[in-house]
Amino acid sequence: MYFHYLVWFWIPLSLADSGAHHLCQRTCFCKEGALFVNCSGVHVSSDLTFPPETEHLDLSNSNLYSIPSKGLRSLWKLQVLLLRDNYISRIEERAFVSLERLHKLDICRNEISFLGNSFSLGLISLHELTLASNRLQELHYKSFRNFENLQKLNLQNNNISSIETGAFRSLTRLRKLYLQNNQLHTLHNGVFSMLQHLEVLNLEGNMIKNIAPGVFHSLSSLTVLNLVQNKIEHIRFKTFLSLQTPGTHILLSDNPWFCDCDLQRVFAKLHSVRRLILDDYDNVTCVEPQVLRSLPLSSVDTQLCIAETVTVLVITFTVFVTVVAAIVMAERNRKKRTGKHWSEDSEVSYESHHCLNH
Ligand SMILES: *[C@@H]1O[C@H](CO)[C@@H](O)[C@H](O)[C@H]1NC(C)=O
Ligand SMILES: *[C@@H]1O[C@H](CO)[C@@H](O)[C@H](O)[C@H]1NC(C)=O
Ligand SMILES: *[C@@H]1O[C@H](CO)[C@@H](O)[C@H](O)[C@H]1NC(C)=O
């Protein structure tokens, strides 16, 4: 009986061992036993198994078309997994479910267009996730639900046009969020809710035109907000006033600013709030109206309200003249009427006299 058990145990263990041994001897480069396994540049098959003690696994540039989920299943000790520069387009359900110690996951420069509902399952220790340079289009709450310890999320160079409201609401420890070079058009209220530890929000190179006034409201630790190279024509003072950090650097250049008196007033007010630092204000240039195209807002901003002031003065003057004229006319009418009264009276008396005669 005992012997049987031993045999049944011994066979799979020894097979796994020899597989891993084989891997380190022939295919990949291993260090410190198999704590570090480097298969980078080696064309590995996706049903490969890895030594169970592995803590760092480099599978970058390994000609992978899918995540080797089966091989990852027993790597309870894995801390770093590099999968960059492959051809992965799909992440299977529960692909990382065993990797509860994983700190860093890098899947940049692949072809992923969709993150499933169970993408984050198991990854409760993950600190850093890189999904840069993939083909993502939409982000959903369910894909990020278990990333409670995530501090850095890199989603730059994708095709993201839609982020579900509250998509990041589990990421309460997030400090850096990179969303530059995507296709975002609008920032809705609630999209960054619960990110009270976020320090860096990079939205450079999107198509953002509309920013809901409360969208930055919960970002109480933000130090850098990059909105360079978007489609912003106008902003509201309230939008940035809701940032309560002692110092937030806001970058706004390279947008198609519509320079009018309103915009000048918004910027004047922003400049007066000491905790908001507009680092690239000198590079904020007008695109509309045509006469101001390419001029820095800082060079024209004192003039933008002049036309409005002149209009106000003209209106005030017109109203004043009208009122004066009306008073004069009224006075004249009154005098006229008093004069007429006499004749009317005489007429009446004449008429009444006439009637009496009748
Ligand atoms: C793995 O090896 C490649 C060279 O073969 C090297 O460029 C890469 O930095 C190594 N990875 C790690 C994590 O050390
Ligand atoms: C980007 O997303 C749009 C839909 O939002 C799609 O039509 C387009 O093909 C995508 N582009 C790439 C390069 O994946
Ligand atoms: C302003 O633009 C110039 C030229 O594009 C660039 O060299 C400079 O670094 C920019 N300044 C800031 C503060 O962004």
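Q: Where in this predicted model does Asp 254 lie?
A: Asp 254 sits in the loop that joins strand S15 (248-251) to strand S16 (257-258).

Q: Why is Asp 254 called partly exposed?
A: Asp 254 has 17 C-beta neighbours inside 10 Å. A residue is buried at 20 or more and exposed at 12 or fewer, so with 17 Asp 254 counts as partly exposed.

Q: Why is Glu 32 counted as exposed?
A: Glu 32 has 9 C-beta neighbours inside 10 Å. The cut-off for exposed is 12 or fewer, so Glu 32, with 9, counts as exposed. Glu 32 is placed in the loop between strand S1 (29-31) and strand S2 (36-38).

Q: What makes the phi of Glu 32 worth a remark?
A: Glu 32 is not a glycine, yet its phi is positive, about 50 degrees. Asp 254, also not a glycine, has a positive phi of about 65 degrees. Most residues other than glycine have a negative phi.

Q: Which omega goes with calling the peptide bond from Glu 288 to Pro 289 cis?
A: Omega is near -10 degrees for that cis bond. Most peptide bonds are trans. Pro 289 belongs to the loop between strand S18 (286-288) and helix H6 (297-300).

Q: What makes the shell around ligand 2 three polar and one charged?
A: The surrounding residues are Arg 135, Gln 137, Asn 159 and Ser 161. Arg counts as charged, and the shell has three polar residues and no nonpolar ones.

Q: How does the shell around ligand 1 divide?
A: Ligand 1 is surrounded by Asn 38, Ser 40, Gly 41 and Asp 58. Asp counts as charged and Gly as polar; the shell has one charged, three polar and no nonpolar residues.

Methods:
Residues numbered from 1 in each chain as written. Chains lettered and ligands numbered in written order. Predicted model: local features only at pLDDT ≥ 70, side-chain atom pairs only at ≥ 80, totals over all residues. Near = placed C-beta within 6 Å. Helix = DSSP H or I, 4+ residues; strand = E, 2+ residues; numbered from the N terminus.
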